[in-house]
Amino acid sequence: MDTDSTTIPQETSDETLIQQFKSGNQEAFNLLYQRYINNVYKRVRYVVPESEVEDVTQEVFIAALKSLHSFRGDAQFGTWLRTLTNHKVAEFYRKRSRKQEPRIAPLEDAFGYLEGSTSRMMEERIYIQKALSQLPENYQEVILLRFAEALQFNEIAELTHQNIEATKSLFRRAIAALRNQLDQ
Amino acid sequence: MTNHNRPTSPDEKLSAFTDQALKGEIQQPASASTDELHSLEETVLRLHKSMPNSALEESTKKEMLARLNARIRKEQHQPQKKTFWARLFSLEWIQSQYRPQLILAAGVLTALIIALAFFPASVSDSSTTVGTALKPGNHTFIILGLIILFCALAWFTRKK
């Protein structure tokens with residue numbers, strides 16, 4: 001697979017890229033990767049220790065590559081990839097708990113990661129990740145969609161098949177639950 | 001923003017505040033410090049500040065894609081790892097010429113175990129309660145069990 005996606009036009013739709021990939025064009029997958037890497041990376045970053053973010057992100061795309069041939073297009077590719085990301089994050093924590101490692105990285109891990117990030121900031125991030133991980137799935141999801149993926153409330157409403165009032169109400173309850181977790 | 005468009009419910013207010021906070025237009029809670037909403041706004045700001053939402057740089061994306069491709073190539077050249085059960089039932093741990101004997105021996109052993117387990121049931125007794133579930137006439141169950149067992153063995157040891 002080449003890293004340059006030059007022969008396929010950038011504006012090609014996901015569906016077309018998937019069809020091209022299924023026909024053996026590996027370059028189509030590279031373009032999908034370029035298109036979705038930010039969303040996956042940001043979502044993973046909210047829920048996984050900093051040192052593991054790239055690995056988990058890569059796992060998501062490897063899983064996508066392996067199962068894309070069976071993707072039937074019932075859902076949008078972005079939605080499918082989001083589900084796959086959630087599965088890979090869950091798998092990461094399953095493996096971690098099998099190794100009896102803590103669910104969230106210990107605070108010592110906060111030191112030394114990310115250029116430009118202070119250890120105080122990393123410590124805060126770990127607290128927030130821990131609090132997020134304690135929330136019910138629908139609360140986590142609405143927070144991740146708004147913060148990590150930067151979707152607007154109307155887009156979240158459309159994606160979750162709710163009306164916008166219900167989505168905003170869910171968001172407020174999710175933030176209240178997060179605040180309660182952080183206060184504990 | 002006109003009065004008509006101004007959010008009124010707490011849900012609306014928090015959503016509008018979040019939109020502004022994520023755009024970087026607001027750095028402080030907007031509601032009165034006594035409000036419940038004030039602490040929710042603080043949480044929104046805390047979340048936003050601690051989890052920067054910056055996009056990956058193009059060069060980082062390319063590096064990650066290169067590493068992904070290298071990993072995929074490496075995996076393609078490595079033999080696939082089999083699980084313990086897959087390895088056990090594929091019998092690759094035993095030399096191929098001995099596999100039929102092993103399967104036969106395992107089959108006979110299992111048949112013996114089953115026969116022993118059901119032995120009391122096949123002995124006729126004057127008592128009305130002993131062996132009523134499997135009388136000598138009901139050996140069909142044992143035969144059926146053996147057939148299923150052999151089928152299972154054949155299935156697990158088939159060439160894939």
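This is a predicted model: local features need pLDDT of at least 70, side-chain atom pairs count only at pLDDT 80 or more; totals for chains, interfaces and linings use all residues.

Me: What makes up the secondary structure of chain B?

Reply: Chain B has six helices and zero strands. Read from the N terminus, its elements follow the order α-α-α-α-α-α.

Me: How many aromatic pairs does the structure hold?

Reply: Over all chains there are nine aromatic pairs. One of them joins Tyr36(A) and Phe77(A), with 5.1 Å from centre to centre and 70° between the planes.

Me: What does the pair of Tyr36(A) and Phe77(A) tie together?

Reply: Tyr36(A) belongs to helix α2 (residues 26-47) of chain A and Phe77(A) to helix α4 (residues 77-98) of chain A, so the pair ties together parts that are 41 residues apart in sequence.

Me: Is Tyr36(A) buried or exposed, and how do you know?

Reply: Buried means under 20% relative accessible area. Tyr36(A) has 14%, so Tyr36(A) is buried. Phe77(A), with 3%, is likewise below the limit and therefore buried.

Me: Why is the pair of Phe147(A) and Phe171(A) called stacked?

Reply: The ring centres of Phe147(A) and Phe171(A) are 6.2 Å apart and the planes lie at 20°. Centres must be within 6.5 Å for a pair, and planes under 30 degrees apart count as stacked, so this pair is stacked. The pair links distant parts of the chain, with Phe147(A) in helix α6 (residues 137-148) of chain A and Phe171(A) in helix α8 (residues 164-183) of chain A, 24 residues apart. Phe147(A) is buried at 0% relative accessibility, and Phe171(A) is buried with a relative accessible area of 0%.

Me: Which residues form one aromatic cluster?

Reply: Tyr36(A), Phe71(A), Phe77(A) and Trp80(A) form one aromatic cluster.

Me: How do you know that Arg82(A) and Glu149(A) meet in a salt bridge?

Reply: A salt bridge requires a side-chain nitrogen of Lys or Arg within 4 Å of a carboxyl oxygen of Asp or Glu. For Arg82(A) and Glu149(A) the distance from N to O is 2.8 Å, so the pair is a salt bridge. Arg82(A) lies in helix α4 of chain A and Glu149(A) in the loop between α6 and α7 (153-159) of chain A, so the pair ties together parts that are 67 residues apart in sequence. Arg82(A) is buried at 13% relative accessible area, and Glu149(A) is buried at 9%. A network of salt bridges links Arg43(A), Arg82(A), Glu141(A) and Glu149(A). Over all chains, the structure holds 19 salt bridges.

Me: Why is Lys95(A) called partly exposed?

Reply: Partly exposed covers the values between buried, under 20%, and exposed, over 50%. Lys95(A) has a relative accessible area of 43%, so Lys95(A) is partly exposed. Its salt-bridge partner is Glu91(A), with the closest N and O atoms 3.4 Å apart. Glu91(A), at 24%, also counts as partly exposed. Both residues lie in helix α4 of chain A, four residues apart, about one turn of the helix.

Me: Is Lys61(B) buried or exposed, and why?

Reply: Lys61(B) has 8% relative accessibility, which is under 20%, so Lys61(B) is buried. Lys61(B) forms a salt bridge with Glu58(B), the closest N and O atoms being 3.1 Å apart. Glu58(B), in contrast, is partly exposed, with 48%.

Me: Which residues form a nonpolar patch on the surface of chain B?

Reply: Phe84(B), Trp85(B) and Phe89(B) form such a patch, and together they have about 350 Å² of accessible area. Phe84(B) is part of helix α4 (residues 84-90) of chain B. Chain B exposes about 11500 Å², of which carbon and sulfur atoms supply 62%.

Notes:
Residues are numbered from 1 along each chain as its sequence is written. Chains are lettered from A and ligands numbered from 1 in the order in which they are written. Side-chain values use heavy atoms; hydrogens and water are left out. Patches are made of residues with over 30% relative accessible area and no salt bridge: like charges are joined within 9 Å, nonpolar side chains (Val, Leu, Ile, Met, Phe, Trp, Tyr) within 5 Å. Accessible areas come from the Shrake-Rupley method with a 1.4 Å probe; for residues, only the protein chains shown count as cover. Helices (H or I, at least four residues) and strands (E, at least two) are DSSP runs, numbered from the N terminus. Rings of Phe, Tyr and Trp (its six-membered ring) pair if their centres lie within 6.5 Å; planes under 30 degrees apart count as stacked, over 60 as edge-to-face and the rest as tilted. Buried means under 20% relative accessible area, exposed over 50%, partly exposed in between (1.4 Å probe, protein chains only).
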